[in-house]
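Hi,

Here is the structure I promised to send over. Have a look at it, and then read on for what turned up.

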Amino acid sequence: MDEVLSSKNILERFSLKDRSALVTGGAQGIGRALAHALADAGAAVAVVDMDLALANVVVDEIKERNVGSQVIALKADVTNQSEVFAMVDEVVKTFGKLTIACNNAGIGQWIDAETMPYADWKRMMDVNLNSVFLCAQAEAKYMLASGYGKIINTASMSGYIVNYPQNQSHYNTAKSGVLSLTRSLGAEWADRGVRVNSISPGYTKTALVGDLLKTEIGQKVGPVWIAQTPQKKMGAVTDLQGAVVYLASEASDFMTASDIVVDGGYLAW
Ligand SMILES: NC(=O)c1ccc[n+]([C@@H]2O[C@H](COP(=O)([O-])OP(=O)(O)OC[C@H]3O[C@@H](n4cnc5c(N)ncnc54)[C@H](O)[C@@H]3O)[C@@H](O)[C@H]2O)c1
């Protein structure tokens, strides 16, 4: 049997029909775009966020864009273990299964290391790294039992480099941790059907980044970022949608413990 000739059409292999997904931090920014992309490709989607009102807005948008799609909003703080496990249970109860999980919620902060309160360091580790472990553990409970699953963590190009000119040692360290956790879990669960990969965005224009760029410091930093990026622009949240559908679909089934960088060429310089 020739596997090229006998395989399903490649666009069919990108379809997410009959799959169910959750996206943490799905109420805005990158997570909102990931949730839309998964729904566009046919998945049932749970939009998970601390901000339930905003998550519900995304649910309404998705229902309007993809009439008939199954989509729900759930409130959970991804740093809270019992809320995370209850959220995953609720997704499985509602959709009957969990195939795709995007662990995307995260925060940013610019602060110098020499004066950083320890509480800020710990908060960053909690939200941007520990939460990814908690979510993956809760999601894997179902995925390992069913023998199939796609975990997609949002890392960052900051996991590879140190951003300039803003100081954010805790953020960069947490994102390096997300890359390592992705490789570790991907390897640990590789022979049990659960794929764990990440997406590393470069500078990506969300509403919050847009607001920041309008401030005095943003006016100084924005042009530096663009000069450092070979494509000479920031990414749009829609630039990440192809990568998430690929990682969520059967088209990427041989990929695990790895990362897709979407950064306009930043890491090449
Ligand atoms: N925007 C960028 O340039 C960029 C670049 C690289 C990586 N990232 C990463 O992408 C992810 C999303 O970033 P974004 O720019 O879309 O941010 P954003 O602030 O626009 O959205 C983040 C969402 O996460 C939610 N959230 C925050 N803490 C939470 C918690 N404890 N529990 C549940 N929800 C929580 C917020 O309510 C918000 O809706 C983050 O992990 C971020 O580090 C962003």
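How many residues surround the ligand, and which are the closest? There are 26 of them, with Ile30, Asp49, Asn104, Tyr171 and Thr204 the closest; a residue counts if one of its heavy atoms lies within 4 Å of the ligand.

Before going on: this is a predicted model, where local features need pLDDT of at least 70, side-chain atom pairs count only at pLDDT 80 or more, and totals for chains, interfaces and linings use all residues. Residues are numbered from 1 along each chain as its sequence is written, and side-chain values use heavy atoms, leaving out hydrogens and water.

Now the polar contacts (pairs of N or O atoms within 3.5 Å). A polar backbone atom of asparagine 104 is 2.8 Å from an oxygen atom of the ligand, and for a backbone N or O atom of threonine 204 and a ligand oxygen it's 2.9 Å. On its own the ligand has 830 Å² of accessible area (Shrake-Rupley method, 1.4 Å probe), and the protein covers 89% of that.

Who makes up the shell? It splits into 13 nonpolar, 10 polar and 3 charged residues (nonpolar means Ala, Val, Leu, Ile, Met, Phe, Trp, Tyr, Cys and Pro; charged means Asp, Glu, Lys and Arg; the others, Gly among them, are polar). Helices H3 (29-40), H7 (169-188) and H8 (207-214) each supply at least two shell residues; helices here are DSSP runs of H or I with at least four residues, numbered from the N terminus.

Cheers

Technical notes. Polar contact = N/O pair within 3.5 Å; in protein donor to acceptor, adjacent residues only side chain to side chain.
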